[in-house]
Amino acid sequence: MEQKQELEKALLELKRITGVTLDVSAGTDDEIVHALSQIRCLCTAYKEKYNKADFLCGLMTGGIPSYDIQERAARLHIDPEEKRVLFLLEAKSLDETAGEILKNMFPSQTKTYLVPIREHTLAILRPRRPGETDSDTARIAQTIVDTLNTEALIRVHLSYSFVIDSLSDLQEAFRETGLALRVGKLFYSEQTVFPYNELGIGRLIYQLPVPLCENFLKEIFGADIPDQFDDELLGTVSRFFQNNLNIAETARQLHMHRNTLIYRIEQIQKRTGLDVRLFEDAMTFKIATMVLNYLQAERKH
C-alpha cells in the first residue's frame, strides 16, 4: 500500500513539472518499485535539463554533492568558475509583479539567475563584472530594494555575500547571506540592506548561548529585567547614538525641544540606572537592548 502511494505521488510530481500524465500498470511489488524508480529518474532528468533554478537551489541548500557540480553545471550551460555575488531578499509578499520587475532588472542575457528559496525568500545570483568594486555591489543591492519598494510597493530586506569564485562556494555564500539577513533584521531594523561583512556586534550576540545573555542582563538590570522598551524611546536613543551623544543635534533632527530630549534620557536612567549621556553607559545600554531583542527572538522560536 505504501509503495502504491509513493508511485501515485511520483506520477503527480511528474505531471506537475512536465504536464505529462502517465498511466502505469504495475501489479507486483517489484514492478511498482521498478516503475517508481524510472519515474523519479524522469523527474530528476527533466529538472536538471530545464530548470537552472532547481539546480542552483540544490547547491545553496546542500542538496547536490560537490562531485556532481561540474557535470550538471555543464549540462545547464552554467559557467561553474565565473565570479558572482549572491543577493538574498525577503519580503512579506513576492508576487508576479515583483518577479517581473526583477526579470526586467536582470534579463536573461545578463546571466543573472533568480532562484526561489521559500515563499517569501528569493536568491539572486549575479555575475561580478570586471572592474566592479564592493561599492558597486552595495549600490546594486540598494537599487534592488528601492526599485521593489517604489514599483511593487513592497518592503524588502536584502543581504549579499562575498565574491564567489566558484559554484562550489555557493553553499557557504548562502549560509553567510542567510545569517546576515537574520542578524540584520533582528539588530538593525532601521536598515534594509545587510552586507555579509558589516554585521558588527550583532554577529557576536547572535551566536552567544542564551544563559550567558540572561546572566549579562541580570548584571545590568538586576532581577527586574524589562521585557522591552517603548519604540519611540528607543528611536530617540538610537538617533542620539548616531549623533555621537550630541543633544543639540539630536533635538534638531527630531524637531524636539532640548528639554524634551533630556527628559526622555532621564526616563531611561530612572528605569535602568544607565545615563546614556555617558559613553560607557551608552555602550552598555546599546548592547543590553540588542541582547533583549535576541532573547525575545529566541523565545518566539
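**Notes on the model**

1. L42 is found in helix α2, which covers residues 29–50; helices (H or I, at least four residues) and strands (E, at least two) are DSSP runs, numbered from the N terminus. This is a predicted model, in which local features need pLDDT of at least 70 and side-chain atom pairs count only at pLDDT 80 or more, while totals for chains, interfaces and linings use all residues. Residues are numbered from 1 along each chain as its sequence is written, and side-chain values use heavy atoms, with hydrogens and water left out.

2. L42 is partly exposed, at a relative accessible area of 45%, where buried means under 20%, exposed over 50% and partly exposed in between (1.4 Å probe, protein chains only). Together with V20 and L22, L42 makes a nonpolar surface patch of about 240 Å²; such patches are made of residues with over 30% relative accessible area and no salt bridge, with nonpolar side chains (Val, Leu, Ile, Met, Phe, Trp, Tyr) joined within 5 Å and like charges within 9 Å. A salt bridge here is a side-chain nitrogen of Lys or Arg within 4 Å of a carboxyl oxygen of Asp or Glu, and the areas come from the Shrake-Rupley method with a 1.4 Å probe.

3. Five strands, in the order β2-β3-β1-β4-β5, make up an open sheet of mixed pairing, two strands being paired if DSSP finds at least two bridges between them. Because β2 (113–118) and β5 (193–195) stand at the edges with a single partner strand each, one side of each is left without a neighbour in the sheet. On average, neighbouring strands of this sheet are turned by 20° against each other, direction ignored.

4. Strand β3 (residues 121–127) runs antiparallel to β1 (residues 84–91), and seven bridges join them; R84 has P127 as its bridge partner in β3, and E90 has T121. Five bridges join β3 to β2, also an antiparallel pair, with V115 partnered by A123, and β2 and β3 form a hairpin with two residues between them.

5. Seven of the seven residues of β3 are buried. T121, A123, L125 and P127 point one way, whereas L122, I124 and R126 point the other way. In a regular strand the side chains alternate between the two faces of the sheet.

6. Helix α5 (residues 96–105) lies across β1, β2 and β3, at about 150° to β2, and helix α6 (residues 134–151) lies across β1, β3, β4 (156–164) and β5, at about 155° to β4. Contact means heavy atoms within 4.5 Å, and axes are lines fitted to C-alpha atoms, for helices over the stretch in contact, with angles from 0 to 180 degrees between N-to-C directions.
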